[in-house]
Amino acid sequence: MGLVQMLKSQFVLHLLMVYVFMASGVIVNLLQLCTLPLWLVSKQLARKVNIRLGYSIMSQMVALLEWWSATECTLYTDPKSYPLYGKENAIVVLNHNFEIDFLCGWTFCERFGVLGSSKVLAKKELAYVPVIGWMWYFLEIVFCKRRWEDDRKTVAESLQNLHDYPENFWFLLHCEGTRFTPKKHEISMQVAESKGLPKLKYHLLPRTKGFWVTVQNLRGNAAAVYDSTLNFRNNEAPTLLGLLNGKKYHADLYVRRIPLDTIPEGEADCAAWLHKLYQEKDSFQEHYAQTGRFPGPIKSPPRRPWSLINWLCWSCLLLFPLFLLFARLVSSGSTVTIATTVAFCIAVSVGARWMIGQTEIDRGSSYGNKEVSINNN
Ligand SMILES: CCCCC/C=C\C/C=C\CCCCCCCC(=O)SCCNC(=O)CCNC(=O)[C@H](O)C(C)(C)COP(=O)(O)OP(=O)(O)OC[C@H]1O[C@@H](n2cnc3c(N)ncnc32)[C@H](O)[C@@H]1OP(=O)(O)O
Ligand SMILES: CCCCCCCCCCCCCCCCCC(=O)OC[C@@H](O)COP(=O)(O)O
């Protein structure tokens, strides 16, 4: 292990990074709270301010991937579609197999200039994750309970609100609804069989209702669906802790641009269209497994310096007072103050570990895990 790699794996450095992320995150959350009165005066200005504030949090995690771990991201796509990326609103349909797929998504958003305005249909539980979940509230992220009877109205309303959104956005949909595990796969393939649908090898059976409601409510607003398929070289299963330890991965993303007006309007036709799309996605993953690459030409956007600059600015701003405080603490010699500080550091690391746990598939939800009573009618 080289010196740099050894440094990157030091716990004390991770603690400092977590401190910068959490402290800057809470400051940004408080600033977001201060924008509430602005919504009453100028909604569009409040949204633009929140896009930039959100960027300041999300791009720190992007910097972790791009600059700290130096993970590479290769894009396979049609060169004719490429100039449109970042210049239009789009619905992104992405497979959900990896613990850091959300971060790869953010990284591509960053490279096409839509990170601050990126949107997702996220499970409600994520709204309570400190910093990220609180930030999402101000970014008009659409949350769902994964119970159609509860979600159909709220999701449609939240999507309608995006019609006058002031900047281009990508709306991410993980149609599988949960991350891939062998057990969830087995159960969803029983559902596929009961519906007479072909089996998928690399994906769970997509849940079609969220896709249909999104397409219907973003018609006239989003121009296209970006069918995106992600995988990692060398059969790696990347983790957030791996990134924190400076491990370099290589992500490959295959994106096809599909104009929204070519997608059927009726619910049943739209569902059939999505099932067909997932069969195609499965064949792309098979191609990847066989050849180590996706079909089509490579047109990779380079990383930009902004995420690193933002991260360095927050680090300078927050580490300097921390070191001053630390020096004063040591010189004061007060056991109570030192013990309180140590307890605070432990609380922050436990909190951060819990947040990282939210990304771990082993600690994932039981959604899609339960045997369903299969009705063949
Ligand atoms: C280009 C690079 C990327 C750019 C990235 C862009 C933006 C980045 C932005 C943010 C990054 C951060 C990312 C954070 C990620 C967080 C993501 C999540 O939280 S995923 C979980 C939440 N999202 C979803 O669930 C979306 C998909 N789900 C749906 O759409 C659902 O339909 C629903 C609207 C949530 C409703 O859920 P419900 O469970 O009620 O689903 P359905 O009614 O659809 O399901 C019943 C239906 O399914 C059949 N069924 C039963 N069991 C299964 C099973 N195990 N598998 C499959 N299907 C099953 C059942 O028979 C019913 O069938 P039918 O519809 O025919 O009656
Ligand atoms: C510079 C950075 C320093 C980093 C410090 C570390 C801080 C930790 C930050 C944690 C961020 C948490 C973001 C959560 C996003 C997780 C997205 C996700 O993948 O959710 C899973 C759901 O889709 C499905 O859930 P399951 O049904 O599979 O269960």
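Author: What follows is a short exchange about one residue and two ligand shells.
This is a predicted model, in which local features need pLDDT of at least 70 and side-chain atom pairs count only at pLDDT 80 or more, while totals for chains, interfaces and linings use all residues. Residues are numbered from 1 along each chain as its sequence is written, and chains are lettered from A and ligands numbered from 1 in the order in which they are written.

Reader: Why is R353 called exposed?
Author: A residue is buried if 20 or more other C-beta atoms lie within 10 Å of its own, exposed if 12 or fewer, and partly exposed in between, with C-beta atoms placed from the backbone. R353 has 11 C-beta neighbours inside 10 Å, and therefore counts as exposed.

Reader: What makes up the shell around ligand 2 by class?
Author: Ala, Val, Leu, Ile, Met, Phe, Trp, Tyr, Cys and Pro count as nonpolar, Asp, Glu, Lys and Arg as charged, and the others, Gly among them, as polar. On that basis the shell around ligand 2 has 13 nonpolar, 7 polar and 2 charged residues.

Reader: Which residues come nearest to ligand 2?
Author: They are T178, R179, M355, G364 and S365, out of 22 residues around ligand 2, where near means a C-beta atom, placed from the backbone, within 6 Å.

Reader: How is the shell around ligand 1 divided?
Author: The shell around ligand 1 holds 24 nonpolar, 9 polar and 6 charged residues, and G105, W148, G177, S188 and G210 come nearest among its 39 residues.
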